[in-house]
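Q: Could you walk me through one part of this model in detail? I would like a close look at a single strand and what surrounds it.

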Amino acid sequence: MNYFLTEEQQTIRDLARKLAEERILPVRAELDEKEEFPWAIMRDIAAADLFRVFVPEAYEGLGGGCLELCLVVEELSRVCSGVAVSYAASALGCLTLMEYGTEAQQQKYLPDIASGKRLGAFAITEPTAGSDAANIKTTAEKVEGGYLLNGTKQFITNGGEAEIYTVIALTDKTKGARGASALIVEKDTPGFTFGKKEKKLGIRSSATRELVFKNCLVPAENLIGREGLGFIQAMRLFDRSRPGIGAQAVGLAQGALEAAVDYAEQRVQFDQPLITMPVIQHMLADMAINVEAARALVYAAARHVDSGARNVTEPSAAAKVFASDAAMKVATDAVQICGGSGYMRDYPVEKMMRDAKILQIYEGTNQILRNAIAVNLRKRKGRAA
Amino acid sequence: MNIVVCLKQVPGTTEVKIDPATNTLVRQGIENIINPFDTYAIEEGVRLREKHGGRVTVITMGPPQAEAALREAISLGADEVVLLSDRAFAGADTWATACTLAAAVSKLGEADLIICGRQTIDGDTGQVGPEMAEMLKLPFIAYVGEIEEIGGGKIRVRRLTEEGHEVIAASLPAVITVSKEINTPRLPSLRGIMKSKSAKITTWGLADLGIGADKVGLAGSSTQVIKVFFPRRETTAEMLTGGVAEQADALVARLRKAGLC
């Protein structure tokens with residue numbers, strides 16, 4: 001379908017697709033099997049300038065927005081969702097800095113993110129704070145020379161591989177969520193170490209790891225914005241990043257649909273290719289409908305974010321929920337169509353089905369996001385009354 | 001270091017179809033690409049520039065649409081490109097092509113190294129590189145798989161042979177043709193693509209090169225394509241049967257008959 005992409009957006013999409021097909025496709029099964037972080041591919045992505053897409057031009061980026069980021073994520077995810085999330089997590093790690101950081105902070109970190117020299121990561125989740133994100137325990141005590149970080153962050157994407165972390169910690173324990181602040185923490189800061197690397201169901205080439213802070217002194221100038229804004233900054237970040245998860249879902253579902261069509265065309269049973277059988281045709285048609293509907297919603301939400309609209313919570317959550325549910329369904333049906341072969345690791349669809357599940361969980365579970373949408377519905381009703 | 005890379009735009013397929021009436025390639029419906037071996041030449045040029053500084057100039061001879069290949073070369077890191085295009089250049093064989101490219105290299109001047117792909121996938125001759133070196137009176141090394149050292153007016157390379165490799169040194173300037181073992185070409189970059197879209201393409205015709213019309217195109221070609229055809233396959237297999245001794249006797253008898261032993 002024609003989504004009225006600009007010439008530049010089409011160029012971005014085409015290059016991301018070329019990179020995915022030429023550099024990721026040949027190694028995706030191996031990366032999944034070995035649970036190996038795709039450094040070589042990150043370097044290719046960097047050389048192709050794709051990390052520049054979401055960084056402002058003033059900091060050596062190309063000045064794109066949410067839609068441009070979505071286009072890259074979608075194309076990478078069409079081939080490997082694990083690679084796609086490793087790329088997207090670098091954006092997640094610097095979006096708060098881009099929105100609230102000082103000129104000096106942006107000048108210090110963004111050019112390296114743009115060139116892909118260093119990866120970024122964002123850390124809020126803790127053992128006690130998943131959906132209940134406000135229940136974080138990590139503290140950042142104001143001391144002479146900066147903040148003393150103590151605590152453990154869990155399930156951090158790009159953990160151990162990234163060099164620039166945005167960490168949400170309590171600068172005032174007594175105030176709960178209102179006492180949270182965002183700090184930039186560089187890898188190799190004394191007192192900052194990494195815990196275990198998680199073994200996952202899917203997106204296995206991506207790194208998911210614990211961050212451990214023990215009396216880690218972070219310079220005062222690494223505070224992003226003001227003290228106490230951390231939780232609000234994080235919520236605002238996710239409102240703007242969720243279309244990216246939607247794009248990851250769209251790409252994954254597109255890849256699964258293509259694999260199912262390929263298989264259905266080649267596989268002959270009862271003397272006819274599967275694709276000529278109405279039962280398979282209807283499954284494929286439903287998959288295609290879901291993929292396109294998800295894409296339309298994700299692009300619309302991304303454009304809404306890029307429009308500068310003040311409140312983007314609802315469209316952004318809707319895009320993430322719809323697209324990730326669609327991806328789970330499409331990937332499961334792709335395995336079903338491919339039958340016994342689809343269940344085997346020699347075919348790509350079982351990996352896509354494993355990779356899809358996380359999309360319904362991270363950056364807000366689909367249940368929590370439905371809550372958020374419902375809250376907005378009630379607020380609107382309240383205002384109308 | 002000033003590097004000149006020569007490339008050719010070729011049909012993006014290995015299933016070349018010939019028009020039986022005109023004996024020329026059927027180009028309709030086939031996307032044109034940079035000759036794959038030439039992409040290694042561009043990459044090697046760009047890598048040398050990244051390491052040693054200087055400029056990479058990419059030249060091609062072809063119809064106006066060959067401009068697309070040059071724009072792609074810019075997206076892959078070329079600093080400057082020159083399109084050699086003139087009706088007079090049409091119908092050139094390898095000799096006339098080499099003559100045209102050599103004239104352009106001379107006009108550019110001060111090249112330290114000229115890099116070509118080892119051969120094209122359409123013509124497949126591998127002749128243009130060495131012919132050009134001969135015309136420019138420069139040392140030539142074919143099938144380069146690695147540049148071991150370059151600088152101080154010298155180059156040392158590993159040249160691939162069927163049995164292994166040879167290490168060869170030459171003085172600069174020199175012409176080399178490269179094999180795919182030499183590197184893995186990068187993908188274009190977004191900034192490169194954007195630059196390539198607005199880049200100015202210098203075009204030189206016959207008058208710009210200062211050579212005679214009799215040296216280029218069909219007029220300058222000492223070979224002419226009379227007929228292009230698919231060779232008929234006439235291989236037949238005969239299966240020998242019986243015991244080992246019987247089969248051996250039968251085989252020897254047939255070899256004798258064929259005058260092979």
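What follows is a friendly tour of one strand of chain B and the sheet around it.

Q: Which residues of strand E12 (residues 174-178) of chain B point one way and which the other way, and are they buried or exposed?

A: Happy to look at this with you. This is a predicted model, in which local features need pLDDT of at least 70 and side-chain atom pairs count only at pLDDT 80 or more, while totals for chains, interfaces and linings use all residues. Residues are numbered from 1 along each chain as its sequence is written, and chains are lettered from A and ligands numbered from 1 in the order in which they are written.

Let us start with the strand itself. Helices (H or I, at least four residues) and strands (E, at least two) are DSSP runs, numbered from the N terminus. From E12(B), B:Ala174, B:Ile176 and B:Val178 point one way, B:Val175 and B:Thr177 point the other way, and all are buried. Buried here means that 20 or more other C-beta atoms, placed from the backbone, lie within 10 Å of the residue's own; exposed means 12 or fewer, and partly exposed is in between. Because five of the five residues of E12(B) are buried, the strand is largely enclosed by the rest of the structure.

Now for its neighbours, where two strands pair if DSSP finds at least two bridges between them. Strand E8 (residues 113-117) of chain B runs parallel to E12(B) and is joined to it by five bridges. Here B:Cys116 stands opposite B:Thr177, and B:Gly117 stands opposite B:Val178. Strand E9 (residues 140-151) of chain B also pairs with E12(B) in the parallel sense, over three bridges, and B:Ile141 has B:Ile176 as its bridge partner.

Stepping back, E12(B) belongs to an open sheet of nine strands with mixed pairing, in the order E11-E10-E9-E12-E8-E1-E6-E7-E13 (chain B). Its edge strands, each pairing on one side only, are strand E11 (165-171) and strand E13 (202-204) of chain B. On average, neighbouring strands of this sheet are turned by 30 degrees against each other, direction ignored.

Finally, a helix covers this region: helix H1 (residues 36-52) of chain B lies across strand E1 (2-7), strand E6 (55-61), E8, E9 and E12 of chain B, and runs at about 170 degrees to E1(B). Such angles run from 0 to 180 degrees between N-to-C directions, with axes fitted as lines to C-alpha atoms, for helices over the stretch in contact; contact means C-beta atoms, placed from the backbone, within 7 Å.

Methods:
Contact = placed C-beta atoms within 7 Å.
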